[in-house]
Amino acid sequence: MSATELEIDIATYIDHTLLKPSAIPEEVKQVCQEAWQYNFPSVCIYPVAVKQARELLHDKQPQVCTVIGFPTGAVTSAVKLYEAQIAVENGATELDVVINLGWVKSGESNKIYREIAEICAETGQAVKAILETTVLTNKEKKLAGEICLDAGVTYLKTSTGWFGGATVEDVKLLKEIAKGQIGIKASGGIRTYEQAIALIEAGATRLGTSRGIDLIRQQNESIK
């Protein structure tokens with residue numbers, strides 16, 4: 001085990017995620033309890049579960065994160081803004097917003113900027129822009145990342161997990177774009193401790209995963 005691995009408390013990176021459409025209140029309660037027990041930074045759940053999560057975590061450390069325009073990003077800017085505002089009213093403090101990928105592909109920079117900047121300004125909460133890096137070229141990733149950085153996001157996020165997951169190469173690219181000014185969230189397909197460590201070493205400051213407890217168990221086994 002490297003010195004870097006020994007210094008990493010993987011629990012402090014994990015956005016404990018429950019984004020299956022069939023999730024029921026009992027499962028939301030479970031992920032909130034787990035996030036508190038393991039000292040995860042946040043739970044990431046659908047907007048419909050935000051109010052319940054906030055009630056469960058109102059005096060506890062984990063933040064309530066939800067997704068906006070998920071998973072395609074292909075809804076109108078007005079819908080995204082409304083969804084974000086309602087989520088904040090219900091108690092969300094972190095918003096993972098899927099950008100409009102068609103606008104990225106067609107180079108409509110002003111539209112991307114206006115949409116994300118308005119959500120950042122109107123909600124006043126931490127915004128993580130989901131770039132869906134698996135469907136973009138490196139040039140498009142750079143364009144999208146730089147626009148979202150200028151628009152005031154708090155994190156650049158790799159993926160929804162619906163169309164592929166995070167890679168070390170993409171995290172390194174987003175780190176270059178971020179220039180140390182904002183965080184990087186790697187998300188999608190993170191199943192092993194080795195993957196998680198590689199992404200953190202590449203520059204990830206958050207990991208979006210539903211397997212956070214498994215990662216902690218793997219970490220504990222690796223240091224025995």
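Mentor: Gladly; we will go through aromatic pairs, charges over rings, helix packing, contacts and backbone geometry. Keep in mind that this is a predicted model.

Trainee: Let's begin with the rings. How many aromatic pairs does the count come to?

Mentor: A pair of aromatic rings is described by the distance of the centres and the angle of the planes. Here the count comes to 3 aromatic pairs. Take Tyr38 and Phe40: their centres are 5.7 Å apart with 15° between the planes, which makes the pair stacked. Planes under 30 degrees apart count as stacked.

Trainee: Why is the pair of Phe70 and Trp162 called edge-to-face?

Mentor: Look at the planes: they stand at 90°, with the ring centres 5.8 Å apart, so Phe70 and Trp162 form an edge-to-face pair. The places of the two rings are worth a look too. Phe70 belongs to the loop between β3 (63–68) and α4 (77–89), and Trp162 to the loop between β6 (155–157) and α8 (168–178), so the pair ties together parts that are 92 residues apart in sequence. Phe70 is buried at a relative accessible area of 15%, while Trp162 is partly exposed at 45%.

Trainee: Which residues form one aromatic cluster?

Mentor: Tyr46, Phe70 and Trp162 do.

Trainee: And where do charged ends sit over rings?

Mentor: There are two cases to show you. The charged end of Lys60 sits over the ring of Trp36, 5.0 Å from the ring centre. Lys128 places its charged end over the ring of Tyr155, and there the distance to the centre is 5.7 Å.

Trainee: Now the helices. How do α8 and α9 pack?

Mentor: For a helix pair, read the angle and the axis distance, then the handedness, then the residues in contact. The axes of α8 and α9 (residues 193–202) are 8 Å apart, at an angle of about 20°. Angles under 35 degrees count as roughly parallel, so that is how α8 runs relative to α9. The crossing of α8 past α9 is right-handed. On the α8 side the contact is made by Val168, Val171, Lys172 and Lys175, and on the α9 side by Ala198, Leu199 and Ala202.

Trainee: What does α7 do against α8?

Mentor: Helix α7 (residues 138–151) packs on α8 at an angle of about 40°, with the axes 9 Å apart. That angle makes α7 oblique to α8. Here too the crossing is right-handed. From α7 the contact involves Asn138, Lys141, Lys142, Gly145, Glu146 and Leu149, and they meet Asp170, Leu173, Ile177 and Ala178 of α8.

Trainee: How would I read the surroundings of a single residue?

Mentor: Thr66 is in strand β3 and is buried, because its relative accessibility is 0%. Beyond its neighbours within four places in sequence, Thr66 is in contact with several residues, among them Ile45, Tyr46, Val50, Ala87 and Leu95. Gly165 is buried at a relative accessible area of 19%. Leaving out residues up to four places away in sequence, Gly165 touches Thr134, Ser159, Ser187 and Gly188.

Trainee: Last, the backbone. What should I look for?

Mentor: Most residues other than glycine have a negative phi, and most peptide bonds are trans. With that in mind, look at the bond from Phe70 to Pro71, which is cis, with omega near 5°. Pro71 is in the loop between β3 and α4.

Trainee: Which residues other than glycine have a positive phi value?

Mentor: Asn39 is one of them, with phi near 65°, and Glu132 is another, with phi near 50°. Asn39 lies in the loop between α2 (25–38) and β2 (42–45), whereas Glu132 is in the loop between β5 (126–130) and α7. Asn39 is partly exposed, with a relative accessible area of 42%, but Glu132 is buried, with 0%.

Note on methods: Residues are numbered from 1 along each chain as its sequence is written. This is a predicted model: local features need pLDDT of at least 70, side-chain atom pairs count only at pLDDT 80 or more; totals for chains, interfaces and linings use all residues. Side-chain values use heavy atoms; hydrogens and water are left out. Rings of Phe, Tyr and Trp (its six-membered ring) pair if their centres lie within 6.5 Å; planes under 30 degrees apart count as stacked, over 60 as edge-to-face and the rest as tilted. Helices (H or I, at least four residues) and strands (E, at least two) are DSSP runs, numbered from the N terminus. Buried means under 20% relative accessible area, exposed over 50%, partly exposed in between (1.4 Å probe, protein chains only). A charge sits over a ring if NZ of Lys or CZ of Arg is within 6 Å of the ring centre and within 35 degrees of the ring normal. Contact means heavy atoms within 4.5 Å. Axes are lines fitted to C-alpha atoms, for helices over the stretch in contact, and angles run from 0 to 180 degrees between N-to-C directions. Angles under 35 degrees count as roughly parallel, over 145 as roughly antiparallel, 65 to 115 as roughly perpendicular and the rest as oblique. A crossing is left-handed if the near helix is turned anticlockwise from the far one by less than a right angle, and right-handed if clockwise.
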